[in-house]
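Subject: Handing over the structure

Hi there,

Here is the structure I promised to pass on to you. Please open it first, and then read my notes below alongside it.

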Amino acid sequence: MPPTERVLRKWRQEEVISRTGRRFTGRNVLEAVYTAWQRREGATLIAIASQLQTLELPQLHTQVASATEATTPAYADDRRLTQLMTLLAHGVLKQFQAVQAGRAVGVGLGDTTAATEAVIPLPLRQAQAQLARLAFEGGQVDECASVHELLWRCTKPLNEWAPLALAQHPHYADVVLIDAEYRVPSPACEDFGEEGGHLADLVENQIYRGLRQALDQLDESERDVTYTLVRRFVAEHPMVSRTGQAWRKLWASPRLNPAVREWLRFVYEPAHAALANRQGLVAQCAHCHAPLVSQDRKPLSCVLSACRATHPHPAATGEPLALADALVARPEVLRYWCNPSLDELRLFRELTALFPEEEVQLYPYQDLCDVAVGTRLGFDVKDYTDPVLLARKLNRGVGGLRLYDTMVVAVAERQVVNRPQYLPQVREHLQTALRRSLRVLSVDDILETLRHDGQLS
Ligand SMILES: [Zn+2]
């Protein structure tokens, strides 16, 4: 079974196979065969890499030529695995929607009859069947027959629980489908869902579409301004007091129609009692206004992981809120809107100060991009842990960013700290045309360059 191109690139990137210039060499072919063979024999990539370094070309050739023919391929047919991952990701997205609508785990959102309503979402059941087949073929016991068990496992990397064909597959081994902290589908899950064409089911798209639909009932001339008003409010208020000034001011705004108010009621949930201390108060982060939580009796920390990365010591606490008044954004909104917004807001504030003569906009034209300087510069902030995943996302389209003279992807600072390879890896995985037209820089680099040169080229 030859490795896919993606796997080859990953091996080269991780320096398992050697690298001379941009092209693959003849030695690389032998190294790839050797690596695929050794993986089948159960060797780790680290062990293979160190063995390969000691082998001269003739020795490598002798080794590869002496390898015995495999009787059973360790990797099931790659296409079958891709289908399975798409089903599983789609199943997780569908189950998430059902839970969001108040259904129990293992019960889907049937849209036709009561009979189809009381069952596990179809793609999730199909994925379970495929996982069982894969386990059976590999001589393993199927442990995914319970949907509860399966979803819990999805909070961990596939290499810890999936049938061997997936667990040992270089492309899938590290995939985590459910974000364990926010209990929502992860970016990797969104990626598989998007690749499978299930755009409408992506969590990010659903949040966005909810607001867009509410705005559709406004006059067209009002929509852009209201979008920015509401989106910025959510970005700046992961938690808000319903009796406080900020909420009352928003609620009184003449720009809000009943549909937008309804959408806000959905996005903000009453704070869970577990967030409050004995005095019935919910502590608030002074940096981002999110709730502070204490897990396992550890000191209080901010619920936004992006905020924790910037401020490891959240000693400064804001004004605590009474539990009865506290509203907290839903976990998927915290994960997909509030987390990246810390860098979006920083970029917006700093660019506003840098370019006082120009119009600096936040979420312009209902989200063509995150921040724009006129039509000259468009910025999208991206907060992906995996640089390859980010590049694949960009390869599928950069959306409204296309309309700006200079298109910039601003990578959240926390992703590039101590990872000098992150930005080169994103660029390497971009399609050639995009690599030429898209600037991929960290937020700090962007601000630094603009402060000195006033432009990015
Ligand atoms: Zn915070």
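Let's start with E269, which counts as partly exposed at 30% relative accessibility (buried means under 20% relative accessible area, exposed over 50%, and partly exposed in between, with a 1.4 Å probe and protein chains only). Before going on, please note that this is a predicted model, in which local features need pLDDT of at least 70 and side-chain atom pairs count only at pLDDT 80 or more, while totals for chains, interfaces and linings use all residues. Residues are numbered from 1 along each chain as its sequence is written, and side-chain values use heavy atoms, with hydrogens and water left out.

E269 forms a salt bridge with R330, with 3.5 Å between the closest N and O atoms (a salt bridge is a side-chain nitrogen of Lys or Arg within 4 Å of a carboxyl oxygen of Asp or Glu). E269 lies in strand β4 and R330 in the loop between β9 and α16, so the pair ties together parts that are 61 residues apart in sequence. Helices (H or I, at least four residues) and strands (E, at least two) are DSSP runs, numbered from the N terminus. R330 itself is buried, at 9% relative accessible area.

How many salt bridges does the structure hold? There are 28. In one of them, the side chains of D191 and R396 meet at 2.6 Å, N to O. This pair links distant parts of the chain, 205 residues apart: D191 is in helix α10 and R396 in the loop between α18 and β13 (406-411). D191 is buried at 3% relative accessibility, whereas R396 is partly exposed at 32%. Both belong to a network of salt bridges that also links E194, E195, R392 and K393.

Another pair to look up is E350 and R451, whose side chains meet in a salt bridge of 2.7 Å, N to O. E350 sits in helix α16 and R451 in helix α22 (residues 443-453), 101 residues apart. E350 is partly exposed at 29% relative accessibility, and R451 is partly exposed at 45%.

Finally, have a look at N257, in the loop between α13 (245-252) and α14 (258-267). Is N257 buried or exposed? N257 counts as buried because its relative accessibility is 8%. Leaving aside residues up to four places away in sequence, N257 touches A214, Q217 and L218 (contact means heavy atoms within 4.5 Å).

Enjoy exploring!

Best wishes
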